[in-house]
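This briefing is intended to be read alongside the sequence and the coordinates.

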Amino acid sequence: MLGAVISLVPFSAGMAWTWMQWAVGLRRLGHDVIYLEQVDPAWCVDEHGRACPPEVSINRDVFAATMQRFGFQGSSWQIDHRGEPLAGTRGELDRRLAGTDLLLNMAGHIRSDSVLEATGRRVYVDQDPVYTQLWRAVYGKELGFDRHDVFATVGLNIGTTATDVPSCGLDWRPVLPPVVLDFWTEHDVLTGGRFTTIASWESFGDLLHEGRWYRGKRASFERVASLPRRVPDQEFELALRRQHPDDETLARRQGWHVVAAGRAAGHLDAYRNYVIASRGEIGIAKDAYLAATSGWFSDRSAHYLAAGRPVVAQATGVEKHLPTGTGLIAFDTCESAADAIHSVNGAYQLHSRAARELAAEHLDHRVVLPAFLEACLS
């Protein structure tokens, strides 16, 4: 069983692609997969943005359409905090949950007692490394760790000597975001196009630990804001949401093209087409991921690589775990980012091919998921 959020407004098609590649990948490996989303009534709105019951909300419509798109109608439920389904009967859901071997609980999203107790083994999959550990160890936030048996993270250095972030006394198992490669079938090598990124800025507050601040994505962007001026023959684009009022002004003043994230990620096809139409990704990570040398790797970068689009990304320590230099290039300064863009543009076919090969070798669901399941069940 997979528990994650899809229907939160504004809809993030990129996150939907991420969760559904987990689900589809597991199903293709022969597993009986149930997809579950626990709905907070406070999320739920109608088409005019007005609060409404979950059963008649656009959240419900988005969820149902996504499940149908990926063939999970009949194997997916939205539930409330008591585990009651928004559609269908409790008895039907209980019968499907009976004997469930494993719950992959993304960021501990599923908290319903009836669901947790029906599952043989519960895996907390950390999607916000550094924040997750500091929220618990430093700020005392209750995250439901005690309801889980296994702990995994996309921060590949969490729980190792490569980072000073506290482990909360847990054994964190690293996991890369799996991709279903035929969702991102190879396309013709581009002769033009922009380097793009889709960003939600300041979604988390800044954290302080042992005299050091761990900040959001805006702080990271400021370090590379002048990139268009350093590479004047290459266009760059930000698809933004949750920005400060002056963010667009800051970016445009430095030469960035800026679009609303809804245009790039407002629905599944728009997001996929946006990635494929990009020359590559300019990956900007939250400052916390950089400051902590967390080894964080972006699920969005995985999508670009799978589509054969090179990724030039801020160095988080993931370069200890994935090959970099061709297809995927890590940078730590604006100058080194400019050098990386020049390198990609000077041999674009080579980098495009290497991006796809990296995805096939390291991110393919047939590579990531079997090893991950074995680690979770051992």
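Does Ala107 count as buried, partly exposed or exposed? At 34% relative accessibility, Ala107 is partly exposed, where buried means under 20% relative accessible area, exposed over 50%, and partly exposed in between (1.4 Å probe, protein chains only). The model is predicted: local features need pLDDT of at least 70 and side-chain atom pairs count only at pLDDT 80 or more, while totals for chains, interfaces and linings use all residues. Residues are numbered from 1 along each chain as its sequence is written, and side-chain values use heavy atoms, with hydrogens and water left out.

**Backbone geometry**

- Most residues other than glycine have a negative phi, and most peptide bonds are trans.
- Ala107 has a positive phi of about 55° although it is not a glycine, and this residue belongs to the loop between strand 4 and helix 4 (113-117); helices (H or I, at least four residues) and strands (E, at least two) are DSSP runs numbered from the N terminus.
- Val130, also a residue other than glycine, has a positive phi near 80°.
- The loop between strand 5 (119-126) and helix 5 (131-137) holds Val130, which is buried, with a relative accessible area of 0%.
- Val9 and Pro10 are joined by a cis peptide bond, with omega about 0°; Pro10 is placed in the loop between strand 1 and helix 1.

- Ala16 is part of helix 1 (residues 13-28) and counts as buried because its relative accessibility is 0%.
- Apart from neighbours within four places in sequence, Ala16 is in contact with Ile6, Phe11 and Leu268, contact meaning heavy atoms within 4.5 Å.
- The C-alpha atoms of Ala16 and Val5 are 8.1 Å apart, and the two residues are 11 apart in sequence.

**Strand pairing**

- Strands of a sheet pair through backbone hydrogen bonds, either parallel or antiparallel.
- An open sheet of 6 strands has the order 12-11-8-13-14-15, with parallel pairing; two strands pair if DSSP finds at least two bridges between them.
- Strand 12 (257-260) and strand 15 (328-331) stand at the edges of this sheet; each has a single partner strand, so one side of each lacks a neighbour in the sheet.
- Direction ignored, neighbouring strands of this sheet are turned by 25° against each other on average, with axes taken as lines fitted to C-alpha atoms (for helices over the stretch in contact) and angles running from 0 to 180 degrees between N-to-C directions.
- Strand 14 (residues 311-314) pairs with strand 15 in the parallel sense over 4 bridges, and Val311 has Leu328 of strand 15 as its bridge partner.
- Strand 1 (residues 2-3) and strand 2 run parallel and are joined by 2 bridges; Gly3 stands opposite Leu36 in strand 2.
- In strand 2 (residues 35-38), Tyr35 and Glu37 point one way and Leu36 and Gln38 the other, and all are buried.

**Cavities**

- The structure holds 2 cavities of 30 Å³ or more. On a 1 Å grid over the protein atoms alone, a cavity is a set of points where a 1.4 Å probe fits but cannot get out, and a pocket is an open set with protein on both sides within 12 Å along at least five of seven lines; lining residues have an atom within 4 Å of a point.
- The largest cavity has a volume of about 140 Å³, a volume being the space filled by probe spheres set on grid points that are joined across faces, edges and corners.
- Of the 17 residues lining the largest cavity, Trp296, Phe297, Ser301, Ala313 and Gln314 lie nearest its centre.
- Strand 13 (280-283), helix 12 (299-306), strand 14 and strand 15 each supply at least two residues of that lining.
- The lining of the largest cavity has 8 nonpolar, 6 polar and 3 charged residues; Ala, Val, Leu, Ile, Met, Phe, Trp, Tyr, Cys and Pro count as nonpolar, Asp, Glu, Lys and Arg as charged, and the others, Gly among them, as polar.
- The second largest cavity holds about 40 Å³ of space and is lined by Thr18, Trp19, Trp22, Gln127, Val154, Pro177 and Asp299.
- Helix 1 contributes the largest share of the lining of the second largest cavity, 3 residues.

**Second largest pocket**

- The second largest pocket has a volume of about 300 Å³; among its 16 lining residues, Met1, His31, Asp32, Asp101 and Leu102 are the closest to its centre.
- Strand 4 (100-106) and helix 15 (365-377) each supply at least two lining residues, and strand 4 gives the most, with 4 residues.
- The lining of this pocket divides into 10 nonpolar, 3 polar and 3 charged residues.
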